[in-house]
Every structure is written in C-alpha cells, then in structure tokens.
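Hello,

Here is the structure we spoke about. My notes on it follow below.

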Amino acid sequence: MGRKAKAGGYSEGNACKGPWICEECGLRHAGALVSRTECDCCGRQRSSTAAEPVEKSQCVAPVSMEETFTDEACRATAKKSSAREPPLDVDCHATAKGCRVTARRSAAEPSRLHRSELTEHWPREAFTARNAGVMLVGYSSLHGMPAIVLGGRWYTGKKTYAYTDFGGGVDKEETPQRGAMREFVEELLGFQETEADEMVTRLCEDTVSELVGGRPFVSNGHVIFVVSAEAVLEALPQGTLVQTGSAIDTLFATARQNDELTSVALVSIEELIRGALNHGGKMRPLNVRQLDDQERASEEITLRNVMCSSVRATQDALLTIEYPPKNLPTVVGALKGDGAAVAEAKVRRWGRHKAHAADESVEPAWCEGMDQQRMAFVFDMETGDPDDVLTLLFLASHPMVELRAVTVTPGSEEQVALVRWLLQQLGLAHIRLGAQGWPANAKKPVQLKTRFYQSFGRASTGDPQCERADEVLLDCCDESTTLVTGAPLHNLGDVLRMPGFHLGRWVAQGGFAGEGVVPREKQMDKFKGKDTCPTWNFGGNVPAAQAALAATAISRKVCVSKNVCHSVVYDEGWHQALGEAAKVAGRHSPWGRRAVALKMMYETMDQYLRDKPGGKKLHDPLALAVALDESVCTLEEVQLYAQKGQWGSKLCPGSNTWISVAYDAAKFRGVLLDCTG
C-alpha cells in the first residue's frame, strides 16, 4: 500500500477516478464511481458524494469484485468490508495504477455458481444498453406446443394496435436486466414500482441461469432477455396467479390491465417466427385476452416492427424450446409454493415401467370406500357418434380422473387431428394417443363434416404424437386402470393378443340384457320380450368382443348395455344443467380444464339442439358415469353371448361380468356435472 497512480493517473485526492473491474459482470468500468448512486452489479441503492469514494464492498452482489483505489480509499474499503454480513475477505495488491482491492466472500459462506461465470459471455450491450425487454416463453400444455406471451396496446404515434414483448427504457440507475424485469412485472402483472422492487430483484437472481439461449440478445441497441415461464412462475407470489395449464398458460391468464397493457396474446413459437420473418408481423394467435373488455379482431394480430427485429435476433434460441419439455410444471404443483413444485410436476409418458403397480393391500378405486381416490383411465373411442367427443371432454376434465391415454378406431388422419386438438385445448398434450394399426388407416375416409364436428378444430401436428393403439394400451393399462370402450373392439382385441397385457377393469358401452335378466317393468317398450338385439360396438368385431369377455387378463368387466342407454337422452333439461355446471366451473377457475371443457360442450350442444330439438342419446357418457360410480346403474352378474349377429345375456353368478338393467338419472347427472375439483 502507499503507492500513488502514475502520471496521467487514476486518483484525485480521496475520490477515485481510476478504472475498476466488477467480477459480477466481468467488465472494466470507467472512473465515474463517485457519482454513482446504484451498484452496477446488483442494483442496490447506496449513498455517495463527490468528496467520498465509493467502496465496492458495499455492493450486495453475491460474488467477488475488484476496484483500484488510492491509499486512503483502500484502507476505508478494508475497514468497511470486515463489518459486512456475510463478511468479505479483502486483499490489497500494489499495481502500477494504485492499489487493487479484491473483496470476496469469506470461505465460511456456502459456495455457489458465481454470477460472473453465468454472465461472462454476455454481450457488452447487456450491461450498457438503455432499452431492454423480456420475451416470456414456455411450453403451453393447453395447446401442446411452445409459445410466447405478447402484450398488446394502442400506439398513438403509429395509430395502430400492435403486440410486442414486455420492456422499454432503462432508467439511468438501472442495469438493462433490472430495467427489463421491472418493465415486465409492471406491464404484465400491473405492479406499481414500490411493490415490484422486491419481485424484480428475485427475478434477476432466478432467471440469470435460466435464459433461453444462455445469454441476452441484442437487436438495434435493444437487449432482449428470453426467459422461461417456469423460472418466472417460481419467483412470483403464488397468490397473484390464476391457475390453469402449465406455467406460460398461467402467466397468460394472470395478466392484468394497466396503462401499458390492454390485451395479451398467446402465440406459438412456430407462428411467431413465420409471421415476423415472412408475413410482415401478421400472425394467428392461439388465444387472445382483451383485458379492457373492448371488442377487437383477434383472429389475426400484428407485431410492432421492433418486435419483428427481435424475433429475427432470437429465432435460433426460440427454436430450442423443448417440444414437449422434459419437465412440464403444472400449476397445481407451482401453487404449493414450495421447492418441490417443479420436481413433483414431471410429465408422465405412461409406460409399464412408470405405471402404478397394483397394491394388493388396497382395493382398486372403483370399490366401496375408495370413491375419493383419483382413478387412472384409458378411453378407446370412435367418432361415428357425437357422444364419444362429449365423453372425452367429460373424462379429460373430471377432477377424479387421471387420464393416461386415448385410442381411436379406425384412426384416420382427421380423427387423430380432432382428438389431438381436443387434448391440446385441455392441456393434455402429454398423454398417449393411439390409433388402430397406425398409420394403416390414416387415409381411410371418415365422415366428420357435420355441424357438430365442425365446431371443433383440428391439429394435424404437435403433441401428442400418434402411435399404434395396441402398443399404447399395452403400456398404459395395468391392474389399477379402467379402460372405457365406446367403439368396436378392434384395439382391445389387438392388445389381448400381446403378451404381458393386464387390465384392472373394463367398462364397455355395449351388449344387451333382455328377457330373463331385466324385470318386465324395467324393460323399454322397444325391447319388451326380447332376448337378443344387435349392438354396434360388440357387433363391430364379434371375435374381439368374445375374446375380451373371456379374457383372464381383465379382472372385472362391466357392460353398460343398449337396453339402458337408449333411455338416456341429452335434452333441454340436461342442457340447462350443463350450462349451470359450466358457470360454476368458470367461477371456480375460469381458465381451468373443466371450465374450458364444459363451456366447449355447452356451446356445441346449444347449436346441436337447435338443429335437432329431439336431443341426443348418451350411450358413452353413461358408461363413463358407471366407470366413475358403479351405483349409477343397477347391475346384474351375467354371461354374454352372441347369436346370429345379435347379443344377449343370461344370469350367471360368479362370472365377474356385470351388465346394466336400469339407471339412476339424478345420480348419472350428478356424477358428471356436480363436481368442481
């Protein structure tokens, strides 16, 4: 110590004018320390005057840092550092330009990755730019693809309504990262400056290691921080969130109106890049929320020109977002507010090595006393009747159901696209999707041109990817699983020929119970006196039906039969009850899976009843209700048989095969509608 700077020096009295190097950001800074009121590393406010040098030991950044001081400043630094919590070790090294003081964490502090190691490859503009913003990206479980949230507002100068990222000018005392995060929480969440400060600090800390692409990007002097929604979600107060889907779906639903934001759009990454690069910033969003309740066209939105440039600068990083991610946090896990949220919310691609093995000490969920346990389901469906789609929507959104897979017959491309779209809308793009002999029937013509089916979209690409149905059933079924079939039994017949298949319970919409099984007073007029009757699902593949009924690999078999299903009708009363259930679900969680599904059903069936006021028979939904609660139907233990293309049954105690002879209308409706999750 005691050395002065050389000629042309770096010190002037006690006010250091020399350069200093911050290991927090890795940059050499010019000698303007005496006029700074905020640390360049951590953004913490501190007091200083032109007559008093500023010691970097006052910085709260969690790493080591260096400065060049005069003798007096060096001694002051060492003194103040020793009193710091956590303490800093201070060394002084004589240099040609004065004393180089190294202030670093003491060995007593737990080691962690230094911020300097994370930021050493950041571009210089990431520390000096006066404009910065946040691109919020992540995998949308509601839509089954990577997406970005964009903010929309009216731009008076351009006289246009446009969308962009969340950002703006960086205040003089801010770093670009802090400025970008401040703009983000103020714009997206509507926080005021005071309440946003603590959140901004945490976001800066939590997202520095989670930047998509590993660093900020620069476009025309504007610094862009591409941040994963999962990292942001962990940093936010849980009480501020609106529960739905994955992290980016939640943040999209949580956006609040403020002076800088009147709408938000959720756009797929693929569409964002396509629109920004090839279509002048015009694109079709996945969803748009008008926060100010104004009516605006939302089929197509327009990006600001500066946002188009930002997309060009970041497109390579945007395309690295996993599809789907290895770990997809669910909102339920995130809302717990503990460190286990993300770890607990891993996407489950059901396989036999992952499926729950049956515990012989516990009865399956369909048995008495287990009605509150979440049950594992697989649904095998067709699209020849609208009630299959209704059943899928009820099943996928029921709070007591863990849906593992959906299989389709015959499995045309359009059928698969329809089912994929429905799963994406409900945030179930991670479950398995299978089709009969896929892709053998991909080009098979299937009629989906009616107004009912045109009410729904199609997703020809994206997750879930389609697989062979028999392989999906083999992977996803076990002793704890219920398979509900609402189609001819091609897929079940195929998997029964595969070694290792086991199923806890099969609930089939099919079969017939007539004379000798159903009491006369409970027989519908159209079936009175009949022993047998044609049935579509069992008749569509008689050998497969016979094999399934005889299979020892299936522990329990329940048939919800034609003699009961034909008395169950979706009419105006059912429609009103569905509407009320949709309102309840909407109040409980407006963007939740159940609210989305019930609203979708209600709007579609509203049009259906206008076209067909006689209503719609509910075959498959009744089978689902029985699968959820077997007391919905009165069941008799029987043996089913096929005779000259028709099906019948006879009482057979001990067969462990059951068939419906009557149903409880109120209980049926209650099982499907009277739950909020």
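The buried residues of α7 are Ala247, Ile248, Asp249, Thr250, Leu251, Phe252, Ala253 and Thr254. That makes α7 a mostly covered helix, with eight of its eight residues buried. Please keep in mind that this is a predicted model.

The largest pocket holds about 1,500 Å³ of space. Its lining is made up of 43 residues, and those closest to the pocket centre are His143, Leu286, Asn287, Trp421 and Gln425. Several elements give two or more residues to this lining: the strands β9 (145–155), β14 (263–268) and β16 (287–290), and the helices α7 (247–254), α8 (269–278), α13 (413–425), α20 (572–588) and α21. The largest share comes from α21, which supplies six residues. Sorted by class, the lining of the largest pocket has 22 nonpolar, 13 polar and eight charged residues.

The largest nonpolar core has 68 residues, of which Phe377 and Leu403 touch the most other members. Helix α21 (residues 593–611) gives the most to this core, with eight residues.

Regards

Key. Residues numbered from 1 in each chain as written. Predicted model: local features only at pLDDT ≥ 70, side-chain atom pairs only at ≥ 80, totals over all residues. Heavy atoms only, no water. Core = buried A, V, L, I, M, F, W, Y, C linked by side-chain atoms within 4.5 Å. Buried < 20%, exposed > 50% of the residue type's maximum accessible area, 1.4 Å probe, protein only. Helix = DSSP H or I, 4+ residues; strand = E, 2+ residues; numbered from the N terminus. 1 Å grid on protein atoms, 1.4 Å probe; cavity = no way out; pocket = protein on both sides within 12 Å on 5 of 7 lines; lining within 4 Å. Points joined across faces, edges and corners; volume = space filled by probe spheres on them. Nonpolar A, V, L, I, M, F, W, Y, C, P; charged D, E, K, R; others polar.
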